[in-house]
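Here are my notes on the model, as numbered points. Please read them with the structure open.

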Amino acid sequence: MTTTADRATTPVGTTPPPTTPPRAKSRFSRTPRTFYWMVVPALVIFFGLHTVPVISGMFFSLTNYAGYGTWDLVGLSNYVNLFQDSRVLSSYAFTFGFAIVSTILVNVIALAIALGLNARIKFKTAFRGVFFIPYILAILIIGYVFNYLFANSFPAIFTSLGFDGLSGNILADPNFAWIGIVIVTVWQAAAFNVILYLAGLQTIPGELYEAAGIDGASSWRQFRSITFPLIGAYFTINMVLSFKSFLQVFDQIVALTNGGPGTSTESIAMVIYRGGFQGGEYGYQMANAVVYLIVIILVSFIQLRFLQRREASI
Amino acid sequence: MHAPTHPRRPRWRVPVGALAVAALALSMSGCSSAQSDVVTLDFFQFKPEAVQDFADIVEGFEAENPGIRVIQNSVPDPDTAIRTLLVKNKVPDVLTLNVNGNYGELARACIFADLDAEPVVDTVNPAVQQIVQDLGTCAASGEDEINALPFASNASGILYNPDIFAANGVEVPTTWTELIAAADTFTANGVDPFYCTMKDAWTAGPAFVNLGGTLAPDGFFDDLRAEGSNLDSVSFSKDFDEAMQKEVELFSYCQENFASRDYNAGNKAFAEGASAMYLQGSYAIPAIRANNADAPIGSFPYPVTDDADDRVVVSGVDVGIMVGRDTPHPVEAQKFVDYLMSPDVVEGYTAAQSTFSPLENAAPNSDPALAGLEPYFTDGTIIGFIDHQIPASIPLVNLLQSMVITGDSETFLRSLDSEWSKVAARTATQRQGK
Amino acid sequence: MSTLTNNEAFVADTAVDAARPRRRRRLDGGNGGINWWLTALIAVCSLTVLIPLYFTVVTALKTPDQLGGTGFELPTSIRWENFADAYQLTNFPRALLNTALITVGAVVLTLATNSLVAYAIARNMHKKFFKGLYFYFLAAIFVPFPIIMLPVVKETALLGIDTPVGLILLYTVYGLSFNIFIFVAYINSIPIELEEAARMDGASTWGVFRKVIFPLLAPMNATVGILTCVWAWNDFLLPLVVLSDPSAQTLPLAQFIFQGQFNTNYTVAFASYLMALAPLLVVYMIAQKWVVSGVMRGSVK
């Protein structure tokens, strides 16, 4: 009986042990050419359609290109201006805070739901379909529905329950609008993560649980000793990827608050997109985007290291 | 066990490959025109509410001009779409765009053709054309070109409910003092003077453009631009102080919870008589009527000062018509533009969309809701939207939203100055036309 | 690695224990397999999803003047014409066809190619070239889209692939990073002995992939398939900037027509979104069964 999830932890960030025992190496040494054929076309097309644009975008960060018309090289002045722009800096602060809270919440909730959907419950398929719905709902719907709920329904409910402090529209409060956005983002993103966690949970053979059950292990003990370690790889993947994608939050902000009230909920991606494409400051916002890229890579790398070290210690 | 020297392609690759080739062939064949003697014009149309109106117009044009086909491209997200088309060097033949700051930047970059020599230019109301010109033109030939013709204009003022005014014995205010007195009267009688919708930040804009536009010194924005990033002689803090204090005062009469109500809720509420006045312009009228077709609506210009003769109406060109500079079909494109600007077509659109006709000898708009603003438009007592002069990279409406919610005009003016000077510093070179 | 041995030992121990006759304490409390408490809990949680969905459906049936109040009221008069209006305004058949073509193309091309690349990388991680390739592809996951947006627009226009076919290619290429990441992880768990056995029977590398690996990837293929499908179906930005021909508009682009310059036609918009949603839901219901059954098959060795 093999467990499938451990191998997943090996590739990134650590030196992977050889996946094949030494004696088999010689058997494969005559086939690498086929492997090269398998990857080279993809490599070429990927380079052309992804890497070249990245380099191009980075180049434009050194110019004052508006997206059309003539442009000149301006060197690093875009970057200098960037660090003096309080609007940009506060968008970074907001986005980070938002991403940290959302990542933790989404992963905890998605794991809990995936555990529930994986257990022996009735109407399993139906429930799985239900929890998938937020992921495929268009952002316009989500924006309208939740705007309405926050503006009308929730205040009415809270007032009737006596919580007068919560009787306002949370999205209209400059200090707490971000909480409303977190709620909606988590609601929608949990669906995606539930799929990934379900896939991970289903790689755990049922026999392990039965054996543990026979041994008298409680559900929590089973979770701690069987489930969590075995889906460690999925947990790591999900944490890193959800953090990365929350750092890039854009749709939900536009749909719910449009950066408001005031500029309190402007995210980095929103500032780049708005300023770069609709505001005509393409070159400047590309500098912002390059810094953004570096930040994302750094943060993800640190996060990965931290989580993998924690994984290995279990 | 010898590995083959070149790989045997797995069988499923062939059908996938064939599918790809077939799809490619299909997509490319769709691009070629059916007949070589029919000219097809690519018509970029930005306004979703007007898609059907323009479809009807196109039908009429094609009936009169059998050799020309016009394909209306009703574009999602026009600001992004036009920019990507420019990047691809695929400027459309004929375009409609909202004539605002973005248009001005595009015009200065010489994207649009010069329509100066066309006879249809002479049919346009000069005051309206001036508003278009003030936003920016291509200066490549040495003199200012005419890069867009106005097709439909709007007007920004204050909408009011005549029934509620009559019921409370209030007359239409002609001075600022009268306006505030009216608001006080309504409050005393338990009626909300204004229904405000600050969940949508842009709805603080109309008051800004009216108050600021009237009270700003002449040539303010030109001086501001000439200063660069050091706002010494003119600045928002110095010159917009009175205007912003007035805006804060107006918004202090808003209903409860105005920060959580949005534009849709506002249209519905005003349509149902929830407030005496509504700080929106002519473009809101169709939306209000969608909630209640018999809603009583009237309008009057902002009485910004205590001199009734100072009153102007802020008017913008809601729909402007342009021709792509390097269009391969200039003659046909011009024919279509001439058709669009013909009096019947313009008046048909005006009636359908509650806008003002930009033509010089047009019959005045007969919608009673617009009766209060109409004379100013016909006389040419109009000014442009000043927010079109502020670069889109400055979050103007967000700052306005903060201001009216907190009531703090000083922070707003300081922030606006700071953002302006940052943008001025970043604009290292002025974009010159080719 | 130590996790592996720990669990093997744990399982081995308990297997030995199981051989001894003991009173079995059932996990499920003797209900014949259904955990009703958990079912109820999940049902309550699913309300958080169903309530907004109900909101959506109800709004799609109303007229604009009925919007308001708490939002949960049933429509006083149902306006089925909202769906007909949506159908006509978005040119639904054409938009649906465009979207379907692009989505199906993207899913097929992705499934056909991405696992192949992942396989080659996974089996050659000891070689510098492939390891470098792995990290090269992975790094692209972190690149935010605005950086590449305008250059991609220009490039696709230059190369003449600003068409639905070009979009299919873009979805496949941009999905490569994430898909390689999860495919490699999954492939690493497939024991090498299976491939060795196939080779001993004379299969080439392609043959090994086709006959041994690809079938085992079924659950991952289903997962990747679903994710790609949803992405391509709902994506707004790439079709907006890449497609030049208006007749190639996809559903999300066509549905933008409801967002007017100043206000939004919510009732018809929601009807339209519901119509666009239905195929996706059906696809998910079908595909997620494969995820389950494939894994069950794969884990019993």
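Which residues in helix 4 of chain C meet which residues in helix 10 of chain C?

1. From helix 4 of chain C come T99(C), I102(C), T103(C), A106(C), V107(C), T110(C), L111(C), N114(C) and S115(C); they meet N221(C), V224(C), G225(C), T228(C), C229(C), A232(C) and W233(C) in helix 10 of chain C. Two residues are in contact if their C-beta atoms, placed from the backbone, lie within 7 Å. By class, this contact has 8 nonpolar, 8 polar and no charged residues. Ala, Val, Leu, Ile, Met, Phe, Trp, Tyr, Cys and Pro count as nonpolar, Asp, Glu, Lys and Arg as charged, and the others, Gly among them, as polar.

2. A word on the source. This is a predicted model: local features need pLDDT of at least 70, side-chain atom pairs count only at pLDDT 80 or more, and totals for chains, interfaces and linings use all residues. Residues are numbered from 1 along each chain as its sequence is written, while chains are lettered from A and ligands numbered from 1 in the order in which they are written.

3. Now the geometry of that helix pair. Helix 4 (residues 92-122) of chain C and helix 10 (residues 218-234) of chain C pack at about 145°, their axes 9 Å apart. Axes are lines fitted to C-alpha atoms, for helices over the stretch in contact, and angles run from 0 to 180 degrees between N-to-C directions. The crossing is right-handed (the near helix is turned clockwise from the far one by less than a right angle).

4. V104(C) also lies in helix 4 of chain C. Is V104(C) buried or partly exposed? V104(C) counts as partly exposed because it has 15 C-beta neighbours inside 10 Å. The cut-offs are 20 or more other C-beta atoms within 10 Å for buried, 12 or fewer for exposed, and partly exposed in between, with C-beta atoms placed from the backbone. I168(C) is 64 residues from V104(C) in sequence, yet 8.7 Å away, C-alpha to C-alpha.

5. Chain C as a whole has 13 helices and 0 strands. Helices (H or I, at least four residues) and strands (E, at least two) are DSSP runs, numbered from the N terminus. Of the 301 residues in chain C, 48% are buried.

6. In chain B, helix 3 is mostly covered, with 7 of its 10 residues buried. They are P78(B), I82(B), R83(B), T84(B), L85(B), L86(B) and V87(B). The cover includes helix 12 (268-278) of chain A, strand 3 (94-97) of chain B, and helix 6 (145-159) and helix 11 (237-242) of chain C. Just after helix 3 of chain B, N89(B) takes a positive phi of about 60°.

7. The contact between chains A and B takes 33 residues from chain A and 31 from chain B. Helix 3 (78-87), helix 17 (396-406) and helix 18 (409-426) of chain B each give two or more residues to the chain B side. That side divides into 15 nonpolar, 7 polar and 9 charged residues.

8. Check the confidence in chain B. Its mean pLDDT (the predictor's confidence in each residue, from 0 to 100) is 87, and 90% of its residues reach 70 or more. Residues 1-10 of chain B have pLDDT below 50. Residues 428-434 of chain B stay under 50 as well.
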